[in-house]
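This report covers one protein chain and how its parts pack together. The sequence and the structure come first, and the description follows.

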Amino acid sequence: MDNGVSAGSTASTSTLGHIALGLTLLAFGIGHTGIIDGVTVANSVSLATFLGGLALFVLGILEYRGGNGFNGTAFAGLGAFWFTWANGADGKVSAHAAGLFLVLFAMLALTLTAAASGGLFGQGVYGLFTLSLVLLAIGTFAETDGLAKAAGWVAALSGLLAWYGATAALASWPMAVGKGSRGAVAAS
């Protein structure tokens with residue numbers, strides 16, 4: 001490959017990565033809430049495997065190649081999460097092993113929350129995702145569906161925020177909170 005030829009700008013891979021993350025979180029969250037009759041979390045497994053897992057991982061590698069260490073870490077790490085979650089979603093592991101898995105990836109999400117820039121669209125997405133993983137882990141350990149539903153709502157909100165941030169960046173929509181330039185936020 002010619003070194004003068006770009007594999008894609010980091011702006012475009014960042015936007016696509018946030019859209020992939022947002023759509024995966026929305027499907028995962030809505031599946032846990034049970035708000036749509038007949039739609040369960042198992043219905044998001046294919047999306048989580050290919051869009052949230054493989055595509056996000058590849059986008060993470062492209063982000064690293066483009067020099068964006070944060071998005072490289074976020075996308076590759078979360079791609080690994082989604083791919084692994086989707087492959088274990090059919091009950092191949094015990095509830096305690098699944099809970100531990102969720103706690104470990106909540107730690108990654110917490111790291112991303114602390115390191116993210118961009119206020120609402122950066123820390124907000126990863127902070128809500130952290131909260132959803134913690135709620136889901138506790139619900140898994142305690143074997144209670146109520147916490148899983150709450151985790152689903154938080155994950156769906158996180159996904160909606162990631163989707164909106166990426167869509168606003170792509171469409172050049174305003175991303176300010178409040179009046180004037182104070183409180184302006186940007187997708188990380």
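Leaving aside its neighbours within four places in sequence, which residues is F81 in contact with? F81 is in contact with F101, L102, F105, F129 and L133, where contact means heavy atoms within 4.5 Å.

## Basis of the model

This is a predicted model, in which local features need pLDDT of at least 70 and side-chain atom pairs count only at pLDDT 80 or more, while totals for chains, interfaces and linings use all residues. Residues are numbered from 1 along each chain as its sequence is written, and side-chain values use heavy atoms, with hydrogens and water left out.

## Overall fold

The protein has six helices and zero strands, giving the pattern α-α-α-α-α-α along the sequence. Helices (H or I, at least four residues) and strands (E, at least two) are DSSP runs, numbered from the N terminus.

Of the 188 residues in the protein, 41% are buried, meaning under 20% relative accessible area with a 1.4 Å probe and protein chains only. Among contacts between residues at least 6 apart in sequence, 67% join residues at least 24 apart.

## Nonpolar core

The largest nonpolar core contains 38 residues, and L78, F81 and W82 have the most contacts inside it. Such a core is a set of buried Ala, Val, Leu, Ile, Met, Phe, Trp, Tyr and Cys residues joined through side-chain atoms within 4.5 Å.

Two or more residues of this core come from each of helix 1 (10–33), helix 2, helix 3, helix 4 (95–115), helix 5 (119–142) and helix 6 (145–171). Helix 5 gives the most, with eight residues.

## Helix 2 and helix 3

Helix 2 (residues 45–65) packs on helix 3 (residues 69–88) at an angle of about 155°, with the axes 7 Å apart. Axes are lines fitted to C-alpha atoms, for helices over the stretch in contact, and angles run from 0 to 180 degrees between N-to-C directions. That angle makes helix 2 roughly antiparallel to helix 3 (over 145 degrees).

The contact of helix 2 with helix 3 involves 15 nonpolar, nine polar and one charged residue. Here Ala, Val, Leu, Ile, Met, Phe, Trp, Tyr, Cys and Pro count as nonpolar, Asp, Glu, Lys and Arg as charged, and the others, Gly among them, as polar.

## Helix 5 and helix 6

Helix 5 and helix 6 pack at about 160°, with their axes 8 Å apart; they are therefore roughly antiparallel to each other. The residues of this contact divide into 19 nonpolar, five polar and no charged.

How values were computed. Angles under 35 degrees count as roughly parallel, over 145 as roughly antiparallel, 65 to 115 as roughly perpendicular and the rest as oblique. Buried means under 20% relative accessible area, exposed over 50%, partly exposed in between (1.4 Å probe, protein chains only).
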